[in-house]
Amino acid sequence: MTQQSSLHPMLNVAIKAARSAGAIINRASMDLDILKINTKAPNDFVTEVDQAAENIIIETLLGAYPDHGILAEESGREHGNKTSEFVWIIDPLDGTTNFIHGLPMYCVSIALAHRGVIQQAVVYDPTRNDLFYATKGRGAFMNDRRLRVSKRTRMSDALIGTGFPFRRGDNFKRYMKMFEEVMVECAGLRRPGAAALDLCYVAAGYYDAFFETGLQPWDVAAGSLIITEAGGLVGNFTGESDYLHQREVVAGSPKIYGQLVTILAPYTRVIKAEEEVEAGVAASTGQDPVAALAAAAEPKKRASVRIRKSDDAQAD
């Protein structure tokens, strides 16, 4: 059990909310046959469990901090104070597809941002009762054990987590080129299917790095703080710090992170580029949208990469 008396009060409330949501998820996992499942988009599911878990999280957080804002996967900014400098970023069930198939790889993710900077983070794995948590400047922990990223320095020794494309419009050919470049350089790639948990595995040293595109702020907010507090680095594919809203993220131990950024830099902003094509930007310039999308699938030439280390991250 977590020694909650020594934790930041806001982190304690987040832990309480995560455990309450985890209890709902665990109960529902025993009756998957009667679960009501809706489809938000092809291969993108939401269940009554997602919604019930989100409701109890929001109720717990706003019960303690009624003036705070909320950004949640299922309800967006519907709840809380929309002008608050404090915003809770919530994914009530990351890994819903795993959950509805009975695959025990999913989690609850809760982060608190103050003026856009993540200050508190909790990721709870209800199937293993593993609690990952961090307060900015105070280190990262799993069930009271201090976390540190791995000490591996060579890509050829690195185990790397990732996510595969599954949404309509994803450019699978481009993904395959990106995966191939990483696969031939590392010891192995893994894709469990819950990004928030993947990020925590980097913090714990189970993975040496992680990368994925198409993620939303609630997928990465909590895990990103847990990684940096464990001595790792987080950024977009060129090492910049705008990963929360750019829909691409790479994270890892300092040495492996730097090598992975160099590989991934040519593929940066692919999501943004493809969305612009779909929105008709190419058409407005007289370019054939199909041709433009095909051109976007070809990686750019590698350029110099800036790797920014956060103030809290510590290289081994």
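Which residue of E12 does isoleucine 160 stand opposite? Isoleucine 160 stands opposite alanine 209 in E12.

This is a predicted model, in which local features need pLDDT of at least 70 and side-chain atom pairs count only at pLDDT 80 or more, while totals for chains, interfaces and linings use all residues. Residues are numbered from 1 along each chain as its sequence is written, and side-chain values use heavy atoms, with hydrogens and water left out.

View 1. Strands (E) are DSSP runs of at least two residues and helices (H or I) of at least four, numbered from the N terminus. All 6 of the 6 residues of E7 (residues 130-135) are buried, so the strand is largely enclosed by the rest of the structure; buried means under 20% relative accessible area, with a 1.4 Å probe and protein chains only. Asp130, Phe132 and Ala134 lie on one side, and Leu131, Tyr133 and Thr135 on the other.

View 2. Two strands pair if DSSP finds at least two bridges between them. Strand E6 (residues 117-125) is joined to E7 by 6 bridges, and the two run antiparallel. Tyrosine 124 stands opposite leucine 131. Of the 4 residues between the strands, asparagine 129 has a positive phi of about 55 degrees.

**View 3. The open sheet.** Five strands are arranged in the order E11-E10-E12-E14-E13, with mixed pairing. E11 (188-190) and E13 (233-235) stand at the edges with a single partner strand each, so one side of each is left without a neighbour in the sheet. E10 (residues 159-162) and E12 (residues 209-213) pair in the parallel sense over 3 bridges.

Terms used: Buried means under 20% relative accessible area, exposed over 50%, partly exposed in between (1.4 Å probe, protein chains only).
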